[in-house]
Amino acid sequence: MAMRFMNGVGQIINSLHDPKACKVIVETLGFQHLDLEVTVPRVDIFREAIMELLQMELGDALSPRARDGWCTFLNYVGGAYIYVRVKYAERLKCIAASWTLANGKSSELEGENGEGEGSGSHDAEE
């Protein structure tokens, strides 16, 4: 888990010179976090935990400017995750439900829920 976190942070930091690429990376990571309920209070808690860790590890080497930079960075990423969740989560659920319906998965699920073995012959009649 820690390696995944560091890889994500590394990807974002390495793309900071190219704003479009950075946006794509952050949005992609946001989509990977749709299963988590990322909220403003949780972003605040996470940011402060990371900042405390950096302060403990770096001590005086963490300048006020570096602290502000890290806070801005973590706020941007957290805000982007929230944006992706608000703007796209419902749309993706709708697409997934439509896809399931279009592919007849609902009838397969009904068959698994006790409709019996006859569900296969019903498909042949249609």
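Let us begin with serine 15, which is buried, with a relative accessible area of 5%. This serine lies in the loop between helix 1 and helix 2. Which residues does serine 15 contact, once its neighbours within four places in sequence are left aside? They are Ala21, Cys22 and Ile25. Please keep in mind throughout that we are looking at a predicted model.

Let me now step back to the chain as a whole. Its secondary structure comes to 6 helices and 0 strands, so that, read from the N terminus, the order of elements is α-α-α-α-α-α. Of the 126 residues in the chain, 20% are buried. The accessible surface comes to about 9600 Å², and carbon and sulfur atoms account for 58% of that surface. If we take the contacts between residues at least 6 apart in sequence, 65% of them join residues at least 24 apart.

How confident is the predictor? The average pLDDT of the chain is 83, and 83% of the residues score at least 70. Among the elements, helix 3, residues 40–58, has the highest mean pLDDT, at 95, while helix 6, residues 119–125, has the lowest, at 46. Across residues 115–126 the pLDDT is below 50, and this stretch has 3 contacts in the model beyond near neighbours in sequence.

I turn next to helix 1. It contains 13 residues and reaches 18 Å from its first C-alpha to its last, close to the 18 Å expected at 1.5 Å a residue. Which residues of helix 1 are buried? They are Gly8, Val9 and Ile12. Viewed down the axis of helix 1, these buried residues fall within an arc of 95°, so they line one face of the helix. Met3 and Asn14, on the other side of helix 1, are exposed. The buried residues of helix 1 pack against helix 2 and helix 4.

Helix 3 can be described along similar lines. Its 19 residues should span 27 Å at 1.5 Å a residue, and the end C-alpha atoms are 26 Å apart, which agrees. Buried in helix 3 are Val43, Arg47, Ile50, Met51 and Leu54. Why do we place them on the same side of helix 3? The reason is that they cover an arc of only 100° around the axis. On the other side of helix 3 we find Pro41, Ile45, Glu52 and Met56, which are exposed. The cover over the buried residues of helix 3 includes helix 1 and helix 4, the latter running over residues 64–102. Just after helix 3, glycine 59 takes a positive phi of about 60°.

Finally, let us consider the interior. In soluble globular proteins, nonpolar side chains tend to be buried together. In this model, the largest nonpolar core has 18 residues, and those with the most contacts inside it are Ile12, Val26, Met51, Phe73, Val77 and Tyr81. Helix 1, helix 2, helix 3 and helix 4 each supply at least two residues of this core. Which helix gives the largest share of this core? That is helix 4, with 7 residues.

Leaving aside neighbours within four places in sequence, tyrosine 81 is in contact with Val26, Leu29, Gly30, His33 and Val38. Val26, like tyrosine 81, is among the residues with the most contacts inside the core.

How values were computed. Residues are numbered from 1 along each chain as its sequence is written. This is a predicted model: local features need pLDDT of at least 70, side-chain atom pairs count only at pLDDT 80 or more; totals for chains, interfaces and linings use all residues. Side-chain values use heavy atoms; hydrogens and water are left out. pLDDT is the predictor's confidence in each residue, from 0 to 100. Helices (H or I, at least four residues) and strands (E, at least two) are DSSP runs, numbered from the N terminus. Contact means heavy atoms within 4.5 Å. The expected span of a helix is 1.5 Å times one less than its number of residues. Buried means under 20% relative accessible area, exposed over 50%, partly exposed in between (1.4 Å probe, protein chains only). The arc is that of the directions from the helix axis to the C-beta atoms. A nonpolar core is a set of buried Ala, Val, Leu, Ile, Met, Phe, Trp, Tyr and Cys residues joined through side-chain atoms within 4.5 Å. Accessible areas come from the Shrake-Rupley method with a 1.4 Å probe; for residues, only the protein chains shown count as cover.
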